[in-house]
Amino acid sequence: MPGTGARSGAAGTDGVAVGGAVVGFRSVGGQADASADADVGAGGGGGIAGVRTDVRGGRSTAPGDTAAEGELLGRVFLARVLEPGDETGGRWVRERGVLEVVRRLREGGRALPGVSAKRWAGLCARAGLADPCRDLAVARSAGARFVVPGTAEWPGQLDDLGDARPLGLWVRGTPSLRMWALRSVAVVGARACTEYGAHMAATLAAGLAERGWVVVSGGAYGVDGAAHRGALGAGGVTAAVLACGVDRPYPPGHTALITRIAEQGLVVGELPPGDHPTPSRFVLRNRVIAALTRGTVVVEAAYRSGSLVTARAARRLGRHVMGVPGPATSALSTGVHELLRGDAVLVGDAAEVVELVGDMGELPPERRGPVLPTDLLEPRTRQVLAGLPGRGTATAAEVARRAQTTGDDATARLYELRALGYVERHGDGWKLTRQAMISIRGGRSPR
């Protein structure tokens, strides 16, 4: 390929070569269908700091590192050609570099290692239709940017996925994805959840949001939607990781919710603009949720549940895995209980989640029942009080035997209890007062 420019082997696409690497792309059919700049790269806080690529004529015109621009355009191109989580494609990128993989796919010819001739032909057919400039323009019109590895906004924890790491992530929303991911928790669960599941997801998410944590979920019906709404309702923030293009909210019934998340938080996805979800894409999306966050909480899940895929991915990646228990009679509790029988940790509220995923010292409050007046008594005095019958009277000697103490000690403590209003004397016998009966019933059944 000449060093100044060349037409690639794929019909209808142009590539501008710099030092033998494809840097620019031209729209399918030789016509650029956008005349505005497309902002891509790292950015947050209202601005997009990264590579700025002009799609007029398909050429990169901004000053800066043309190799970085070519890398970015190449990743946009590959995101259209390769499916999310394609480890074979990821290995090609790692071993050969983005631009070399792009060149081979655009030119066709001999297949790269690890794929059959049939699959290679399918990838090359996709490559012939891929138009990264158009994708960037569409993303820009939807308020989205493309974040790639090696830029300031890329969350480094995604690199734990190895060759299954996303080629890049399309992001709607102004905050920095990397900064938000540093303090985030995934809350996932059944789509057809019960009222209990929706309540627990919303309560957990609200509690996490109030403690300054970002709640990450998949934007789906059921537990996902409840978690997003719980965080937003508490005045917190949330991020939705979609299994489709970030410009087309899915499910359609959550369009308003996902639009609100994009305005107040982040909507993230691997798939290019306009791409639709499929069952396999939902499953592969879950690995991103697991890798992006510090831990995953599962709220209601049957034995066959995508939420368990997220939990298993989190476990493989060394993240915390947590489960909210449910009724043993509910089919939607079976998957969670199976996790808890393994190495998942049982959690019941946001404080217990933060104890696991948070910093040292972020401990939940000590859990205990209500404090009863009798709890304040000295232990031996409580023994004497417990030695009195629930009905009728008992002598000091009888109370002493029951309390395993001496008669004199029992008498002294009975008078102390009388001063406190717990007992009263009737001749040679002692009996509990109404106040004592109420207090004792709060802690144990009277004799």
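**Pockets, cavities and helices**

Analyst: Helix α10 gives the most to the lining of the largest pocket, with 6 residues. Please keep in mind that this is a predicted model.

User: Which elements each supply at least two residues of that pocket's lining?

Analyst: They are β8 (184-189), α10 and α11 (306-316).

User: How many residues line the largest pocket, and which lie nearest its centre?

Analyst: The lining of the largest pocket has 22 residues, and G189, R191, S305, G306 and S307 are those nearest the centre.

User: What volume does the largest pocket have, and how does its lining divide by class?

Analyst: The largest pocket holds about 340 Å³ of space. Its lining comprises 11 nonpolar, 7 polar and 4 charged residues.

User: What about the second largest pocket: what is its volume, and which residues line it?

Analyst: The volume of the second largest pocket is about 160 Å³. Its lining consists of L161, V283, L284, R287, V309, A313, R316 and L317. Here α10 and α11 each contribute at least two residues. By class, the lining has 6 nonpolar and 2 charged residues, with no polar ones.

User: Changing topic to cavities. How many of 30 Å³ or more are there?

Analyst: There are 3 cavities of 30 Å³ or more in the structure. The largest cavity contains about 140 Å³ of space.

User: Which residues lie nearest the centre of the largest cavity?

Analyst: Those are E83, P84, G85, L167 and E270, out of 17 residues that line the largest cavity. The lining of this cavity divides into 7 nonpolar, 4 polar and 6 charged residues.

User: And the second largest cavity: what volume, and which residues form the lining?

Analyst: The second largest cavity has about 60 Å³. P84, L169, V241, L242, A243, G269, E270, L271, R281, R285 and V288 line this cavity. Two or more of the lining residues come from each of β10 (238-242) and α10 (279-292). The largest share, 3 residues, is from α10.

User: What is the class make-up of that lining?

Analyst: The lining of the second largest cavity is made up of 7 nonpolar, 1 polar and 3 charged residues.

User: On to helix packing. How do α14 and α16 cross, and within what distance do their axes come?

Analyst: The axis of α14 (residues 379-386) comes within 9 Å of the axis of α16 (residues 407-419), and the two cross at roughly 90°. Helix α14 is therefore roughly perpendicular to α16, since angles of 65 to 115 degrees fall in that class.

User: Which residues meet there?

Analyst: From α14, R380, T381, V384 and L385 take part; from α16, D409, A410, R413, L414, E416 and L417 do. By class, the residues of this contact are 5 nonpolar, 1 polar and 4 charged.

Note on methods:
Residues are numbered from 1 along each chain as its sequence is written. This is a predicted model: local features need pLDDT of at least 70, side-chain atom pairs count only at pLDDT 80 or more; totals for chains, interfaces and linings use all residues. Side-chain values use heavy atoms; hydrogens and water are left out. On a 1 Å grid over the protein atoms alone, a cavity is a set of points where a 1.4 Å probe fits but cannot get out, and a pocket is an open set with protein on both sides within 12 Å along at least five of seven lines; lining residues have an atom within 4 Å of a point. Grid points are joined across faces, edges and corners, and a volume is the space filled by probe spheres set on the points. Ala, Val, Leu, Ile, Met, Phe, Trp, Tyr, Cys and Pro count as nonpolar, Asp, Glu, Lys and Arg as charged, and the others, Gly among them, as polar. Helices (H or I, at least four residues) and strands (E, at least two) are DSSP runs, numbered from the N terminus. Axes are lines fitted to C-alpha atoms, for helices over the stretch in contact, and angles run from 0 to 180 degrees between N-to-C directions. Angles under 35 degrees count as roughly parallel, over 145 as roughly antiparallel, 65 to 115 as roughly perpendicular and the rest as oblique. Contact means heavy atoms within 4.5 Å.
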